[in-house]
Amino acid sequence: MFDRLTVRIFTIFLLTIAFFLALIILLPNLDSRNLTYIANKERETGNELAKQIEKDLSNVPKDSFRWWMRFIVVMDSYQKSGQFLFIVTPNGQYITADTKNIDLVKNFSEISHNISDPAKKIYDFQEIIGPFLVHYTDEPYQLYVLQPASDVQSQFVSLIFDHPLLLLTLMMLISSPFLLWLSWSIAKPARRLKKAADQVAKGNLQEWPELEKIGSTEYKATGASFNHMLRELKRMQEVQQRLFSDISHELRTPLTRLQLATSLLRHKQGESNEVIRINNEALKLDSMIGDLLSLARQQYDNNEIRQFKKINLLFKQVIENATFEAEQIGKKFLVTNPPTSHTILCYPMALCSALENVIRNAFRYSNHEIIVNFIAQQNQIIISIDDDGIGVADKELEQIFRPFYRTSEARDRQSGGTGLGLAIVANAIMRDHGNVKAEKSHLGGLRIVIVLPIQKYKQ
């Protein structure tokens, strides 16, 4: 029963409320300034003192001249250092030599006037004990003793007891670590579930068996459903990969036959516009199928392992190849800021292929010049690739990374592209938790900006 999350939360809430109510009710009773009934030893001492005073008072004639002064003399002979005695007559008259504290005794006598059950109460640093019975002329008199308090609580404790709101605040502060620990323990399975979900978001479809063993019944059921979802995702991924593989095989076979038939037709009838058109469309279709399969493998195939790589070493070969290619086609290729030595976490082959595709696109559409720039800024690596070509219309800058999207100028059709190149680039960069966008270049053409997060290398 207690394994259910609802029952746990309700029980903890109920116990917390009960704990606070108990503190509020019981703690004020611990105030040493409250009225308390004295122990037997203190009662015996008080009664003995009362009998001694009573014995001496028997020698004082009733209604004698200033008889109350004789009372004071007798009391002074018995009171110890720091101690003051008070006698209350049957008609409520107070007899004492300490008139400055008489109000305290009056206050105390109102709440403790039972001779058979004497009590004591602390007032600041003094305590009053009584009443004790003293017989004088066959009438009951009450004896009270004012003396230094034997158990004085600190001023801070007294301040807390005098201010209930402060007491409640203090109890909340004291109980906060315990409540935080309870909250942390209840939320622990949720944090594990979040960690597993983050891994799935990164493409890791590994199951988490511990999710089905930790936490309440609801969390265990959620963990079981989560693992079942992962199994289904893996199954769907495998089915999709198998489908793409079958499509590749089934489409490439008739394409190969079509290309063979085109070659035979060209051999028999010679070159013609129709034969050239059929051959070009077959080659374009073959290239499109290849790019589509490449995009699918990149999205669903996790055989490549993410690694920590330094930017300058990772892209060194890409820059060298681009420099060589630019020389061959007679275009100017310039790296204004070379790659830094910062580290990123990436799929190396896919990321290098993405940058290479962007640079080759720049070669394809530029007139004379391509500029690549690497900048480290705010824990990010920003890579920009500019060309001086015809560029892309502003309204299409956000669309060119969609699969099969073609610009209004139909650049891809004129250059033989499939419309999948930039989609492959965007997917590869997003897998490494980066982003890519297109802008107008200061050279007049297109600028592609790639942003990648810098990572600290973990040994």
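Which strands does α11 lie across, and at about what angle does α11 run to β11? The close-ups below, taken from a predicted model, start from that spot.

**View 1. Helix α11 on the sheet.** The strands under discussion are β8, β10 (369-377), β11 and β13, and α11 lies across them. Relative to β11, the helix runs at about 25 degrees. As for its length, α11 covers residues 348-365, and at 1.5 Å a residue those 18 residues should span 26 Å. The end C-alpha atoms are 26 Å apart, so the model agrees with the expectation.

**View 2. Where α11 meets α13.** For α11 and α13 (residues 421-431), the angle is about 145 degrees and the axes are 9 Å apart. The crossing of α11 past α13 is left-handed. On the α11 side, the contact uses Ala 350, Leu 351, Ala 354, Asn 357, Val 358 and Asn 361; α13 brings in Leu 422, Val 425, Ala 428, Ile 429 and Arg 431. Sorted by type, the contact residues come out as 8 nonpolar, 2 polar and 1 charged.

**View 3. The five-stranded sheet.** This is an open sheet with mixed pairing, and its 5 strands follow the order β8-β10-β11-β13-β12. At the edges stand β8 (332-337) and β12 (435-440); each has a single partner strand, so one side of each is left without a neighbour in the sheet. On average, neighbouring strands are turned by 15 degrees against each other, direction ignored.

**View 4. The β11-β13 pair.** Zooming in on the sheet, strand β11 (residues 380-387) and strand β13 (residues 446-453) run antiparallel and are joined by 7 bridges. One spot to look for is Ile 381, which stands opposite Leu 452 in β13.

**View 5. Pro 189 in helix α6.** Over to another helix: α6 spans residues 164-201 and has Pro 189 in it. Is this proline buried or exposed? With a relative accessible area of 7%, Pro 189 is buried, because the cut-off for that label is under 20%. Leaving aside residues up to four places away in sequence, Pro 189 touches Ile 214, Gly 215 and Tyr 219. Ile 214 is 25 residues from Pro 189 along the chain, with 6.4 Å separating their C-alpha atoms.

Notes
Residues numbered from 1 in each chain as written. Predicted model: local features only at pLDDT ≥ 70, side-chain atom pairs only at ≥ 80, totals over all residues. Heavy atoms only, no water. Helix = DSSP H or I, 4+ residues; strand = E, 2+ residues; numbered from the N terminus. Expected span 1.5 Å × (residues − 1). Axes fitted to C-alpha atoms, helices over the stretch in contact; angles between N-to-C directions. Left-handed = near helix turned anticlockwise from the far one by under 90°. Contact = heavy atoms within 4.5 Å. Nonpolar A, V, L, I, M, F, W, Y, C, P; charged D, E, K, R; others polar. Pairing = 2+ DSSP bridges. Buried < 20%, exposed > 50% of the residue type's maximum accessible area, 1.4 Å probe, protein only.
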